[in-house]
Amino acid sequence: MRVLLVDLPARDGVVSKDTVAGGYGSRLLPFSKVTRVISTLKQGFHDVPSVQLAYLAGILEQWGHDVVWSRGDEMAGDVAIILSSLVDYRHECAWSDMARSRGVRTGFIGLTCSKLPQLFRDHADFVVSGEPEAAIQRLAQGEPLAGDVASPEISDLDSLPFPRWNVESRSRWWVPFAGRPYGGGFPLLASRGCPESCTYCPHRILADYRARSVANIIDELGTLCDAFRRPYVIFRDPLFSQQRDRAMALADEIRARKLDLRFECETRLDRLDPELVDALHAAGLRAMSFGVESMDPHTLKRAGRRPTPEAHQRLIIDHCRARGIVTAAFYVLGFLQDDWNSIAATIDFAIDLGSTVAQFKLLTPYPATPLWKQMASRVYETDWQKFDGFTPTFTHPNLTAQELRFLLGAAYTRFYMRPSWLSNYWRIQAPQIRSVVERWDERVARRHAREELAEMSRTVTC
Ligand code: SF4
């Protein structure tokens, strides 16, 4: 059987799918100078192949099937398995319709089709609900999948074959940005799901938290190192260092096996300490991302998120900076408790915390999350594609949609358009230079304030 694994690039904006927003995906349509630059960088450095499809490639090849990766160009095959997303589902459905008109059976996999199968049913022969491996194992063994297909999670992740990659798509790397090489890297899932309970998070709604054994992860890393020179690995676990001993053992084993690789991960800052950071750095850690979300512990608690003490956040970020590890902090603007002042305070906090980069998004009530259930009556947006992380979707008690948009733009401008961001990025520590930079920062902040006032009178007060 010839199977197409289809990961469609979107036609507008920078769209990330696969494990981003748990699988719902995000779409950044530039709305300011700063976000235009970020979009360009994302296109080069965040275009990472789908680890979900790579797992399916491993299963299908194990059963002797012919696997073809497609970005929408290739359409000749017996079956097409299409990665679903919320932010680009109409395009995915249209592609599926076209493939079916040419005689290809099609099916969707991923979080979006699992939680919103009604968007896909009329456009495919089958729609998989749940982590897709169990269903695709049945397909690989000759069962013609049809209709809604339940796919229970695999409890023993070590039993899965390793992801298989399309070699040609991985050979275009050069200068790194924020730790990551151009062309992205190899995503790897050392665990799946998350045991935390943040109500807005779609990472925890498809399946329970499970972790692979260290030996199994090391074997996969060894396979990557055998096939590719010094691979860059992107651990896509929502909470990489959930189990400290396991993370430490993984770092020790990478070094013991002398695996020549670099990697990044995503975690919580309270799941790190300087000793663990040092061990991971020695094993190849070069970048990490983490949620700060809001500076207000009360707001975080109302969203089911355990706050991390500020002193600990600063300790880890400063420690990473000293080691040369890139830090990417995530922030969410527009929690129900937020108002203009609290968001301005969170933006100031983000600048002061001093992570290498920051990502700001608007609170989005994703379908099937506890937040969705809590806020369903406030949601006015009916176009699912607008649930992209950057578009207001619900009636906020304290802020209009224009104000939320304005504050989102101000967050990016204030964080990136200041001299100290550049000096931090280039890790300039000389006290004389830093004091000059701080004075420039003050002037730039005053200019931002003037420009914001002028823009507010044009947009927000209308
Ligand atoms: S810790 Fe992160 S991944 Fe886990 S539920 Fe909270 S936001 Fe989601």
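Hi everyone. Before we start, please keep in mind that this is a predicted model: local features need pLDDT of at least 70, side-chain atom pairs count only at pLDDT 80 or more, and totals for chains, interfaces and linings use all residues. Residues are numbered from 1 along each chain as its sequence is written.

Let's begin with the sheet that holds S1. Here 6 strands form an open sheet with parallel pairing, in the order S4-S1-S5-S6-S7-S8. A word on terms: helices (H or I, at least four residues) and strands (E, at least two) are DSSP runs, numbered from the N terminus. Two strands pair if DSSP finds at least two bridges between them. At the edges stand strand S4 (66-70) and strand S8 (147-150), each with a single partner strand, so one side of each is left without a neighbour in the sheet. On average, neighbouring strands of this sheet are turned by 25 degrees against each other, direction ignored. Axes, by the way, are lines fitted to C-alpha atoms, for helices over the stretch in contact, and angles run from 0 to 180 degrees between N-to-C directions.

Inside this sheet, have a look at strand S6 (residues 105-109) and strand S7 (residues 126-129), which pair in the parallel sense over 2 bridges. Glycine 107 stands opposite phenylalanine 126 in S7. Helix H2 (residues 51-62) packs on the sheet, touching strand S1 (2-6), S4, strand S5 (79-83) and S6, and its direction makes about 170 degrees with that of S1. Contact between two residues means that their C-beta atoms, placed from the backbone, lie within 7 Å. Helix H3 (residues 89-101) lies across S5 and S6, running at about 175 degrees to S5.

Now to the ligand. Which residues are around the ligand? They are Cys194, Glu196, Cys198, Cys201, His203, Arg204, Pro238, Leu239, Arg268, Gly291 and Arg305, where near means a C-beta atom, placed from the backbone, within 6 Å.

Next come some helix pairs. Helix H6 (residues 214-227) and helix H7 (residues 244-256) pack at an angle of about 40 degrees, their axes 10 Å apart. H6 and H7 are therefore oblique to each other. For reference, angles under 35 degrees count as roughly parallel, over 145 as roughly antiparallel, 65 to 115 as roughly perpendicular and the rest as oblique. In this contact, Val214, Ile217, Ile218 and Leu221 in H6 meet Arg246, Ala249, Leu250, Glu253 and Ile254 in H7.

H7 also packs with helix H8 (residues 274-283), at an angle of about 30 degrees and with the axes 8 Å apart. H7 and H8 are therefore roughly parallel to each other.

Finally, there is an open sheet of 6 strands in the order S11-S14-S15-S16-S17-S18, with parallel pairing. Strand S11 (186-188) and strand S18 (357-362) are at the edges, each with a single partner strand, so one side of each is left without a neighbour in the sheet. Neighbouring strands of this sheet are turned by 20 degrees against each other on average, direction ignored. Strand S14 (residues 232-235) runs parallel to strand S15 (residues 262-267), and 3 bridges join them. Tyrosine 232 stands opposite arginine 262 in S15. Helix H13 (residues 401-416) lies across strand S17 (326-333) and S18, running at about 180 degrees to S18.
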